[in-house]
Amino acid sequence: MRQRVSTRTLVVAGLAVCLLLAAVVSAWASGHPDGLEHVAETLGFADSAGDHAAEGSPFADYGTKGVDGPLSGGLAGVVGVALTAAVMWLVLRLVRRRD
């Protein structure tokens with residue numbers, strides 16, 4: 001008979017895996033443009049694009065402003081995972097059923 005895993009254990013393990021992937025695997029992310037950027041370059045209209053609204057943010061372009069090297073992307077990923085988890089926790093707290 002299989003032992004049941006608690007929801008808390010599952011969530012903590014999932015969060016740990018997400019943080020590990022964001023911090024470590026992001027160092028090997030491709031530096032090539034994504035599909036949309038590639039099409040824009042191929043068709044010759046990439047230069048017509050303007051800056052996006054978050055251009056000056058500390059985590060623009062999948063990196064951390066003021067931090068160089070692979071640590072920059074890893075730190076941005078960890079902050080992104082933490083913020084996403086915090087927002088999700090807040091939403092779930094607001095919509096949970098009360099006994």
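UniProt positions are given here in the numbering used for this chain, and such annotations may be inferred rather than shown by experiment. With that in mind, the record, an unreviewed UniProt entry, places the feature "transmembrane region" at residues 71–92. The structure itself is a predicted model.

In that model, residues 71–92 are 100% helix and 0% strand.

The chain has three helices and zero strands, and along the sequence its pattern is α-α-α. Its radius of gyration is 19 Å, well over the 13 Å that the globule rule gives for 99 residues, so the chain is more spread out than a compact globule. Along the principal axes, the C-alpha trace spans about 60 × 30 × 30 Å.

Next come burial and surface. Of the 99 residues, 10% count as buried, where buried means under 20% relative accessible area. The accessible surface of the chain comes to about 8,700 Å², and carbon and sulfur atoms hold 64% of that surface.

Among contacts with a separation of 6 or more, 42% are between residues 24 or more positions apart.

Note on methods:
Residues are numbered from 1 along each chain as its sequence is written. This is a predicted model: local features need pLDDT of at least 70, side-chain atom pairs count only at pLDDT 80 or more; totals for chains, interfaces and linings use all residues. Side-chain values use heavy atoms; hydrogens and water are left out. Helices (H or I, at least four residues) and strands (E, at least two) are DSSP runs, numbered from the N terminus. The radius of gyration is taken over C-alpha atoms; the globule rule is 2.2 Å times the number of residues to the power 0.38. Buried means under 20% relative accessible area, exposed over 50%, partly exposed in between (1.4 Å probe, protein chains only). Contact means heavy atoms within 4.5 Å. Accessible areas come from the Shrake-Rupley method with a 1.4 Å probe; for residues, only the protein chains shown count as cover.
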